[in-house]
Each structure stands twice: as C-alpha cells, then as structure tokens.
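This briefing is meant for a reader meeting the structure for the first time. Please look over the sequence and the model before going through the points below.

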Amino acid sequence: MNYRKLKADYLFTGFELLSNNEVLITKPKGEIVSIVNSEDAGDDVEIFTGIITPGFVNTHCHLELSHLKGLITEKTGLVDFVYKVINERNFAEEEIFEAITKTENEMAQNGIVAVGDICNNTLTLPQKLQHNLSYYNFIEASGWAPSVSGLRWERSKTCLDEFTKENLTASVVPHAPYSVSDELWERITPFFENKTVTIHNQETIFENEFFLKGTGDLLRMYEKLNIDNSFFSPSRKTSLQTYFHKLSKAASVILVHNTFTSQADIDYVNKNKPGHQLVAFCVCPNANMYIEDTLPPVELLVKNDCFITIGTDSLASNHSLNILDEMKTIQHYFPILSLEKILQWATFNGAKALQMDEAIGSFEKGKKPGVILLENVDGLKLKKESTCKRLL
C-alpha cells in the first residue's frame, strides 16, 4: 500500500499545533495512520508551505437558502431580514437546486468536510444523497401561534421521515424561542433524546426584551407576518433562561449566534445543563455583521471556557459559506486569540458538537477527517490573503 506522507511549517492535529518536525501519514484515501517525527518518516515526504489541518466543520448552515445570495439588504436588523427571507425565498426549483449544488461544491473547495444544516424542506436531499460532505440535518420546526402547532409538527415529521428513510442523520429542532409555541415544544421535545439539537439563540437584543418585558421589535415582526401574539405572557427571564430546560434530553446542544448572551446566561447554562450533555456555543460573526452589524461576545465565551464552534449561516445572510472567512473575522476583531484555539473550534469542536468526532475533526488513527492546507499565513496569524485547499 502506498502511503501519503505530508509535512508543512506547522501541523495542527485538531487539538494542538506541532512544529515542522512532524509528518502526517495517511492511507491513499485519507485514513489517518499516524504522526511521526521527520527522522522516522522515510522517503517520499511531500513538503508544503503553510499549516496542515483537519477539514473544517460548519456547525450552522442553511444550504437551502443558497439561491438568495446577494438579495437581502445588509444591516437591516433581524426582523426585516426574517421578513425578507420568508417573502423572497420562493424560486423555481431548478434555480434552487443549481444554487445548492454550486454552494456545496464551494464549501468542499473551502475545506469544509461536515455541515450542521438547517432544513425546512427536502430541497437539499438530492444533493446530500451524493455524499460529498457529511451532514447532520436539522429539521426545523417553527410556529408561534398555538393553533398551528399540529400542522407544523406534521410538516416537520414528514420532512424528518424523508431524510431518515435515506439513512441520513437528522433530528427535529426548534427554530428560535420566539417562533416555537409551548404546544409545538411539547410535540418536538420527545424527539430530542440522544440527538444533537440546535436553536437560534439571542441573535437580537429584542429577543431578550420580548421574554423579559413582552415589548420590543419582535412585536413588529408578528404584526408584519399577521401572527396573533395575544396569548403570550413574558417569562420575566431572558430567552435562554426561559427555554433551555426544554433541551434536557438532547445529547448535544448547539446554541447558535449568542450575540446577546450574557454572563448570567452562561452561568445559568452551566448550572442547569444535564451532566451527560455537551452545550456548544456556535458563533457566526460574518452573518451577525451582515444582519445586526454586531459581533458575538467571543471574549466572554472564552473567559468562561465555553465549548465554541463556528458556523456560516446562509448565503441570505453572508457573502460566503467559508469557515476560513469566519476565522479571519474572529482573529481580526479578537487578536488576543491564538490560531491554535480558533482552529480547534473549526475542527474537533465542530465534529464533537455534531457527534461526528469518531470519524472526523482530528488527526487520530482510523479517522478520515480530510486534510487541508492553509496557505499565505503570516506565521500563526491569518491574513486577508490566506487561503486553503484540500490535500485529501
């Protein structure tokens, strides 16, 4: 058997950066054999300039919205963004399929090997059946009016069945705390057990205001969408502290965006999460800038040793589905963070949150995590010109 022997300026294992004295050895199709010292690697070592890393994991994506690239105005705030997506997402299926295919190809070219993908329909299913990337399919349930909970649940369950009958990993998940009624929560929570469950969390400051006081810009959203909100009574707690207990059966929880998550919210999660449960805070900085012109509190999450992953959101809210672009933004605005730490968020942490860490996320024997080369890196700092390419 011919082995690949790969060496670069640095080798990131998924956990730590190693110097250029180490060589990654793989089987021809990318299965990891070992990491050895250069002196023990023998001949035929391929030498690269840059950083070799496992493939990236995008823990929050909406592939089905790829046809909306460039159509939604930036920095309008969440309410107007949601309204535009709902009213402008309907295109001819041929255009949607074409955009999905193109976008998946771009993700693969950009070093992404696995995706946590939000699904409101089955439009991405034909592409996913080609198994170019690994997916955890999050079948999104939403419906704020209690009267529609039965209908919305049936729609989500039908979509879930379509994915699972094709042996694709999937779970039903709530869209956001302000879009899932108590009645709909009751229908979906039994399906969380042992699954990864994700939710859009505290993406706008008005989300907390709504649950604390019953006021704020979300009321305008319900009005624009002709949704009766008269049944609602504020919990007098932040949104995260209002709903988090409903996720207790999940093996892994991915809280997405967290743009307005506070120290008190983090303390609440740490105190109340079940012992078996992994809680990941997924940051999507470029999407947050696109919609709200705000960054997530990355330093606060790091200070509290939170388990952090990285997502891209959709092409309705981002210029690319490229984890490297998100990493560049994080390092630009939070320069105190090491590239080693950010790379772990983009690789092993993402795999762990999606319950895929037995197969991807790190260079460990038997895994096939993909092998990516980061190029045009200034020492251990990403530059605007930094790029990546797939080696395996």
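Cys-61 has Asp-117, in strand 9, as its bridge partner. The model is a predicted one, in which local features need pLDDT of at least 70 and side-chain atom pairs count only at pLDDT 80 or more, while totals for chains, interfaces and linings use all residues. Residues are numbered from 1 along each chain as its sequence is written, and side-chain values use heavy atoms, with hydrogens and water left out.

**Strands 8 and 9**
- Strand 8 (residues 56-61) and strand 9 (residues 112-119) run parallel and are joined by four bridges; strands here are DSSP runs of E with at least two residues, helices are runs of H or I with at least four, and both are numbered from the N terminus.
- Because six of the six residues of strand 8 are buried, this strand is largely enclosed by the rest of the structure; buried means under 20% relative accessible area, with a 1.4 Å probe and protein chains only.

- Five strands form an open sheet in the order 3-2-7-16-17, with mixed pairing, where two strands pair if DSSP finds at least two bridges between them.
- Strand 3 (17-18) and strand 17 (387-390) are the edge strands, each pairing on one side only.
- Strand 2 (residues 10-12) pairs with strand 3 in the antiparallel sense over two bridges, and Leu-11 stands opposite Leu-18 of strand 3.

**Helix 1**
- In helix 1 (residues 78-88), the buried residues are Leu-78, Val-79, Phe-81, Val-82 and Val-85.
- Seen down the helix axis, these buried residues fall within an arc of 165°, so they line one face of helix 1; the arc is that of the directions from the axis to the C-beta atoms.
- The buried residues of helix 1 pack against helix 7 (218-224) and helix 10 (285-291), contact meaning heavy atoms within 4.5 Å.

**Nonpolar cores**
- The largest nonpolar core has 87 residues, and among those that touch the most other members are Phe-56, Met-107 and Leu-247; such a core is a set of buried Ala, Val, Leu, Ile, Met, Phe, Trp, Tyr and Cys residues joined through side-chain atoms within 4.5 Å.
- Helix 13 (residues 339-353) gives the largest share of this core, seven residues.
- A second, separate core of 20 residues includes Val-79, Leu-218, Ile-291 and Ala-316.

Technical notes
Buried means under 20% relative accessible area, exposed over 50%, partly exposed in between (1.4 Å probe, protein chains only).
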